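Colleague: I have the model open on my screen. Could you walk me through some of the labels and how they are decided?

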Amino acid sequence: MDDTRTRNTASRYMPQLDGLRAFAVGAVLIHHFFQPPRFAGVDFALLGVWLFFVLSGFLITGILLRSRDQIHDRSYPVSFALRQFYVRRVLRIFPLYYLVLFGAAAFDVGDVRDTIFWHLTYMSNYLFSTRQQWGQLTAHFWSLSVEEQFYILWPTLILFASARFLPKMIITAITIGPIFRALAHLLDFNWIARLTVSLASLDALGLGALLAYCLHHLRDKPGLLKALDQWIRWLGAPGLILLFCLHRLEAYNLIHHVTESSWFIEPALWELVFVWLIKRAASGFIGPGGKILELKPLVYTGKISYGIYIYHPFVYFFLPLLFDRIGVNFFLLPPLLQFSLAAGSTVALAALSWRLVESPINSLKERFVGERVEQRCSLQSYRSQTSL
């Protein structure tokens, strides 16, 4: 059997990646609900979002690379592969997003109604960067906008690029991120623009894509995979140690402006660590780390992490109002209790949403894979051949 085909059918479910998702969304909740001190100069929410970006680049590019193999090995039409990809993405992402968006607009919650056009078109990141301020309840939409903008061109580029150009394209995307952030610093862009403009996050998405590319083509070459693992580890770890030391020096007023001057490269160093984590989780951590990432509550939390991320600012908005109804000031409660109530309510709402809304709609994606797709593609291929 052809080795390429064998590699690309290995699109198995990787539960440890859901464990990583749980940690990513947990970091976001900790930052927004608990507001702890920064970790090595970076807030927890940003770390969670960068991990999500690298994961998205890895998973989406993996799907697209398997589609490339189907196109080349089984004569799948490219147009059909693109349609299949976008329909599956729409079914997974749009229903919950627009349900929450229209619901908030209908009840005139926060600033949603006034800015709804930007959110409908997944341009929230440019709204915040031009206004130089976050939305009251929609600030988290910036990262969803970045991902949707990434989905617009990336599938076409991956599916149509030649085999020789493909790795160069991915590496180019990685280099754009730090270059944009450096230029944004030199041109004195506001700090929200430096963070939210889609080009600023291309290195996170691109590093995930590069990992998917390497695993896709090197799965049967353990020596090269080991070298890749060492390269990631030795690039990321010393850089993070250096940044941590610099941030500590800045905290004690021994040096100044470290965060601002290192901003163009710092995210990439964190992302290298996340690439290593994702690579190990995709292969399967062994020992205590693997057991933790495969804990059922953690895996389930990762599975519903999209809903948790969507809902959490709205839960934090409505929860104090509900407590006011019973004569309790939510913000006078102990911080740990506030966090537990907010995080618990968000997870409960996301679990209910997964069961009643997302999972039934998500199951429709199965109509775009498997035997039925094979039959449709074979029929299209036959028709195209007989029409010549």
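Modeller: Gladly! The axes of helix α3 (residues 44-74) and helix α7 (residues 141-160) come within 10 Å and cross at roughly 20°. This is a predicted model, where local features need pLDDT of at least 70, side-chain atom pairs count only at pLDDT 80 or more, and totals for chains, interfaces and linings use all residues. Residues are numbered from 1 along each chain as its sequence is written, and side-chain values use heavy atoms, leaving out hydrogens and water.

Colleague: What makes α3 roughly parallel to α7?

Modeller: Angles under 35 degrees count as roughly parallel. The axes cross at roughly 20°, so α3 is roughly parallel to α7.

Colleague: Why is the pair of Phe 94 and Tyr 122 called stacked?

Modeller: Rings of Phe, Tyr and Trp (its six-membered ring) pair if their centres lie within 6.5 Å, and planes under 30 degrees apart count as stacked, over 60 as edge-to-face and the rest as tilted. Here the centres are 5.7 Å apart and the planes are at 25°, so the pair of Phe 94 and Tyr 122 is stacked. Phe 94 sits in helix α4 (residues 78-106), and Tyr 122 in the loop between α5 (116-120) and α6 (124-131).

Colleague: Why does Tyr 122 count as buried, and what is Phe 94?

Modeller: Buried means under 20% relative accessible area, exposed over 50%, and partly exposed in between (1.4 Å probe, protein chains only). Tyr 122 has 6%, so Tyr 122 is buried; Phe 94 has 25%, so Phe 94 is partly exposed.

Terms used
Axes are lines fitted to C-alpha atoms, for helices over the stretch in contact, and angles run from 0 to 180 degrees between N-to-C directions. Helices (H or I, at least four residues) and strands (E, at least two) are DSSP runs, numbered from the N terminus. Angles under 35 degrees count as roughly parallel, over 145 as roughly antiparallel, 65 to 115 as roughly perpendicular and the rest as oblique.
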